[in-house]
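Grab your viewer and work through these exercises with the model open.

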Amino acid sequence: MKTIRLENLSRVYGRSFALHRINTEFKSGELSVLLGHNGAGKTTLMNILATVDRPTSGKITYDKIPFAKFAKKHRNEIGWVSHDALLYNDLSGRENLVFFATMYGVDPKVVDEWLKRVDLEKASNDRVASYSRGMRQRISIARAMIQNPSIVLLDEPLTGLDPQSRKNMLKIFNKLKKEGKILIMITHDVSIGEEYFDRVLMLKAGKIVYDGKSTLTDIVTEFT
Amino acid sequence: MSARRTLRQIKTIVAKDLLREWRTKEVTISTLAFSVVLLIIFTFGFYVPDDPLLYQKFAEFLALQDIQRSIDPKAVVFPGVLWISIIFSATIAIGRTFAQEQEEGCLRALALVPGAGHSIFIAKFILNLLYIAAFEVVLVPLIALLFDVPILSHAGAYFAVIAAGTIGYAALATLVSAMMVNSRLRDVMIPILLYPLIIPLMIGCLVVTKNIFLGDPHFNLFSYLKVLFAVDVVFLALSISLFKWVLEAIE
C-alpha cells in the first residue's frame, strides 16, 4: 500500500499561515475529502501535492521517498483537476484528450475509453468552447486521468454537474479507488453519501480540526 | 528515449498551435492588420522617389555634413524601414504564443507533463519563427517593391541577414513573452524588456542590410553574417537554459 505522508507541513504567505503544522497521510485505495471554508488552506494543500507550490517547512514523502524527488521523476503519476478546466477552447474534447495523451506518451486509444467513461462520446468532436460547465468538468477529469496517474487530486470536481453526471462521476471515483489510486477531493458539496468516501479532513485556518469519518453535513455543522 | 520524447512533444505542441491558429486566425489577422498600417505610414513618410533634384539636394546635404561619399538616400531609409517593420509586426505575433496558453490555464497542465520544459520552449520558438517567416514572405517583397529596391539581385545575402535577425529575435522574444505571461501589462512590458536586449543584433543587421544594398565591394559580408549567427546561438542557448526558471515561476 502506497502512502503520502505529511509531517509538520506549513506554508506561509507573508506573515500568515495558509497551512500550519499539518500531520496526516493519504493511502492508496482511499478517497479523502477535504472540507473547509474559503481560505482554510485546502487549495494550498492541493497545490503543494500537485507540485505547483512548495511548503515553507515540513516534509512530504510518497512511499518513504521525498515527494519532490518522486514528483520530479514521476510527475505523470499525479492527475490534477483544478479550479480551471485547463483545456483549449478552440479544440474539440477529443482533440484536447489526444493532445495531452500524446504529450504524456500514452496511446491515444485510451481517449475513446475515457470519453465513454465521462459520457461525452457524442459531443467529443464539438469544440470545448461550446460545452456546458458540467461537460467541461467531465472532460477536465478525463484530461487529468488520461495518463493513468496513481495520485488523483480533485479540486471541486462535482461543481456544475447535474445529478446524473454527479452520480456517474462518483462511481468513476469509486472505481479508481478500487484500482488502488490515492484520491484527494476538495468539495463544498455536503450531500455526498458516505459510501463514496473513506475519510474526511476538516481544515480551519490552516489546521486540521477533524480527521475521521462521519456524514459531511454533521462535520460541517459541528465545526462551523 | 528522452530526445524522442522531446521531439514528439515539440511536434505535438506545434501541430496543436497551428491547428488553433488555422481556426482562430488570431495571430494572422492582428499581425497582418498591423503590418499593413505600418507599411502605409512608412511608404508615405519615407518614400524616396528617383528625382534628380532630390538626389542633388541630398548630395548637397551630405556635403554640408562633411560626408564626401556618394550615398543613395534609399540606403538611409530602406534598412530602417525593413527592420522596424519586421520587429514591430513580430512583437504582435510573439505576444500571443504564451498568452493563448495562459488564458485557459493550459500552461499549468502542460508544465506538469514530465520533461515538457524544453519541449514547450522549443515548440513556441519554432512557432514564433514560422509566424514571423510567414509575414516576412509578404512584408519584405512589399517593402522592396514600394521603396524600389532590387532585392532579387542579392537575394541570398538578404535572405541570410533576415534569417539571422529573425532567429535571434525569436529566441529572445519567446523567453520574454514567457516571462511576461502572467503580467496584466504584458503588451506594454514585452517591448520595454525586449527591445533593449536586441539592440546589438539589430545594429548588426542594419549595417549588413545597408552594405548589401550599397554593394560595397570591400564589405566582408561573410564575416558579419558569422558574427550575427554566433549571436543567435548565444541568444538561443541562453533562452533555453533560462526558460526552466521562468516555467517554475509561471507554475
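Two residues count as in contact here if their C-beta atoms, placed from the backbone, lie within 7 Å. Keep in mind that this is a predicted model.

**Exercise 1. Work out how many residues of chain A are in contact with chain B, and which elements supply them.**

Step 1: H3(A) gives the most, with four residues.
Step 2: sort this side of chain A by residue type, and you get ten nonpolar, four polar and three charged.

**Exercise 2. Decide how far you'd trust the complex and chain B, going by the predictor's own scores.**

Step 1: for the complex, the predictor gives an ipTM of 0.82 and a pTM of 0.84.
Step 2: for chain B, the mean pLDDT is 85, with 91% of its residues at 70 or more.
Step 3: go element by element in chain B: helix H3 (residues 52–64) has the lowest mean pLDDT (70), while H7(B) has the highest (93).

**Exercise 3. Find the strand order of the six-stranded open sheet in chain A, then zoom in on S7(A) and S8(A).**

Step 1: the order reads S6-S7-S8-S3-S9-S10, and the pairing is mixed.
Step 2: S6 and strand S10 (207–212) of chain A sit at the edges, each pairing on one side only.
Step 3: from one strand to the next, the twist averages 15°.
Step 4: S7(A) and S8(A) run parallel, joined by five bridges.
Step 5: Val152(A) has Leu183(A) in S8(A) as its bridge partner.

**Exercise 4. Explain why helix H1 of chain A is largely enclosed.**

Step 1: the cut-off for buried is 20 or more other C-beta atoms within 10 Å of the residue's own.
Step 2: eight of the eight residues of H1(A) (42–49) are buried, so the helix is largely enclosed by the rest of the structure.
Step 3: the buried residues of H1(A) pack against several strands of chain A, among them S1 (3–13), S2 (16–27) and S9 (199–204).
Step 4: just past the helix, Thr51(A) takes a positive phi of about 65°.

**Exercise 5. Find which residues touch the most other members of the largest nonpolar core.**

Step 1: this core has 140 residues.
Step 2: those touching the most other members are Leu34(A), Ala142(A), Leu153(A), Leu183(A), Ile184(A) and Leu172(B).
Step 3: helix H7 (residues 155–179) of chain B supplies the largest share of the core, 14 residues.

Key: Residues numbered from 1 in each chain as written. Chains lettered and ligands numbered in written order. Predicted model: local features only at pLDDT ≥ 70, side-chain atom pairs only at ≥ 80, totals over all residues. Buried ≥ 20, exposed ≤ 12 C-beta atoms within 10 Å, placed from the backbone. Helix = DSSP H or I, 4+ residues; strand = E, 2+ residues; numbered from the N terminus. Nonpolar A, V, L, I, M, F, W, Y, C, P; charged D, E, K, R; others polar. Core = buried A, V, L, I, M, F, W, Y, C linked by C-beta atoms within 7 Å. pLDDT = per-residue confidence, 0-100. Pairing = 2+ DSSP bridges. Axes fitted to C-alpha atoms, helices over the stretch in contact; angles between N-to-C directions.
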